[in-house]
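This report covers helices, salt bridges, a hairpin and backbone angles. The sequence and the structure come next.

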Amino acid sequence: MLKLSGLGGAYVSVPKLVRHVSLVILFLLALALRAEPSLEQASRAQALLGPEVWSRILKIENSGRASRYPRCLHALVFELAGILWFYTAVDGTQSLSLNQGRLAEEKADMGPLLRDIEPGFTRWSIVRPKSPVSGVQRGALSNGCFIESIAELRLRLARGETLERPQLLSYYDETPSGLHGHTVLVFGRDENWELFDPGRPQARLLVAKQHGSDPLALARALEGETVVKARYVALDFAGPRVDASIASAPSSVRERGTEREQDRT
């Protein structure tokens, strides 16, 4: 049998060496394949938001041992309503900014924002896709209700629809694992509010306008008394903004712990 001499005069059989090299290659390939689905999801999310919305795809290495995130993942950071948001296929969209009015500063250094979400997010880089994602199908975005609601608004405006006070409604149910969030698109339609729910896109959901001034009342009219928290993110034709009546406190826009602004489909 052929052998190769190694350091210190040791010998390694050629078949065993090839086998070890093959296992290493397969392991690295498996890691790469595992990371690619998250890149595809982040790219789809970016395509749904469209070029009008500032966004960046990040590749993040996670060193956290007890983390809900994988060791390597891709995420989309985007600007909406005057703050930065963070989307992953793992758990949907959550606010990324720690303070209002510091967009330029936060865009220049996202490290502290990422570590506030997961302390293991210590290494990251911006990914520029080789080609834009086209032909995005509804339902293809995992935990994408927040972004799909924005995409629905873009689609309706492109069709020439005139929508009264379009806005996002994010609401949260109490579950054994903490607050579970969901986001829908809301706009006026005659005497009612019409809601588009990405989880049931074919349903036409109407709620009387008397519930519209209070996001919690509107969410409960839609889903019932299990909703414990709700808020609006208003969207106008000039671009996205936060409705001043429901904006977070000026000093901080991120809620900590299980009540972090997070939405899942």
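Helix α4 is followed by Gly-160, which has a positive phi, near 90°. The model described here is predicted. The helix itself covers residues 145–158 and has 14 residues. From its first C-alpha to its last it reaches 20 Å, close to the 20 Å expected at 1.5 Å a residue.

Ten of the 14 residues of α4 are buried, so the helix is largely enclosed by the rest of the structure. Cys-145, Phe-146, Ile-147, Glu-148, Ser-149, Ile-150, Ala-151, Glu-152, Leu-153 and Arg-156 make up the buried set. Cys-145 has a relative accessibility of 0% and counts as buried. Arg-154, at 32% relative accessibility, is partly exposed.

**Helix α5**

Helix α5 spans residues 215–223. Which of its residues are buried? They are Pro-215, Leu-218, Ala-219 and Leu-222. Seen down the axis of α5, these buried residues fall within an arc of 95°, so they line one face of the helix.

At the start, a side-chain oxygen of Asp-214 comes to within 3.0 Å of the backbone nitrogen of Leu-216. After the helix comes Gly-224, with a positive phi near 105°.

**Salt bridges**

Side chains of opposite charge can pair when their charged atoms come close. The structure holds 15 salt bridges. Three of them are set out here.

| Glu-52 | Arg-154 | 3.7 Å |

Take the pair of Glu-52 and Arg-154, which meet in a salt bridge. Glu-52 lies in the loop between α1 and β3 (55–62), and Arg-154 in helix α4, so the bridge ties together parts that are 102 residues apart in sequence. Glu-52 is exposed, at 61% relative accessibility.

Glu-161 is partly exposed, at 22% relative accessibility.

Is Glu-194 buried or exposed? Glu-194 is buried, with a relative accessible area of 8%. Arg-204 is exposed, with a relative accessible area of 55%.

Some of these residues belong to a network. Salt bridges link Glu-152, Arg-156, Arg-159, Glu-161, Arg-189, Glu-194 and Arg-204.

Glu-40 lies in helix α1 (residues 14–49). Its relative accessible area is 41%, and it is partly exposed. The C-alpha atoms of Glu-40 and Leu-141 are separated by 9.3 Å. Along the chain these two residues are 101 residues apart.

**The β5–β6 hairpin**

Strands β5 (residues 83–88) and β6 (residues 92–95) run antiparallel and are joined by four bridges. They form a hairpin with three residues between them. What is the bridge partner of Phe-86 in β6? The partner is Gln-94.

Most residues other than glycine have a negative phi. Two residues go the other way. Asn-143 has a positive phi near 50°. It lies in the loop between β7 (121–127) and α4. Asn-143 is buried, at 17% relative accessibility.

Asp-190 also has a positive phi, about 60°, although it is not a glycine. Its place is in the loop between β9 (178–189) and β10. Asp-190 is exposed, at 65% relative accessibility.

**Cysteines**

How many disulfides are there? The count comes to zero, taking a disulfide as a pair of cysteine sulfur atoms within 2.5 Å. Cys-72 is partly exposed, at 24% relative accessibility. Cys-145 is buried, at 0%.

Conventions:
Residues numbered from 1 in each chain as written. Predicted model: local features only at pLDDT ≥ 70, side-chain atom pairs only at ≥ 80, totals over all residues. Heavy atoms only, no water. Buried < 20%, exposed > 50% of the residue type's maximum accessible area, 1.4 Å probe, protein only. Helix = DSSP H or I, 4+ residues; strand = E, 2+ residues; numbered from the N terminus. Arc of directions from axis to C-beta. Polar contact = N/O pair within 3.5 Å; in protein donor to acceptor, adjacent residues only side chain to side chain. Expected span 1.5 Å × (residues − 1). Salt bridge = Lys/Arg side-chain N within 4 Å of Asp/Glu carboxyl O. Pairing = 2+ DSSP bridges.
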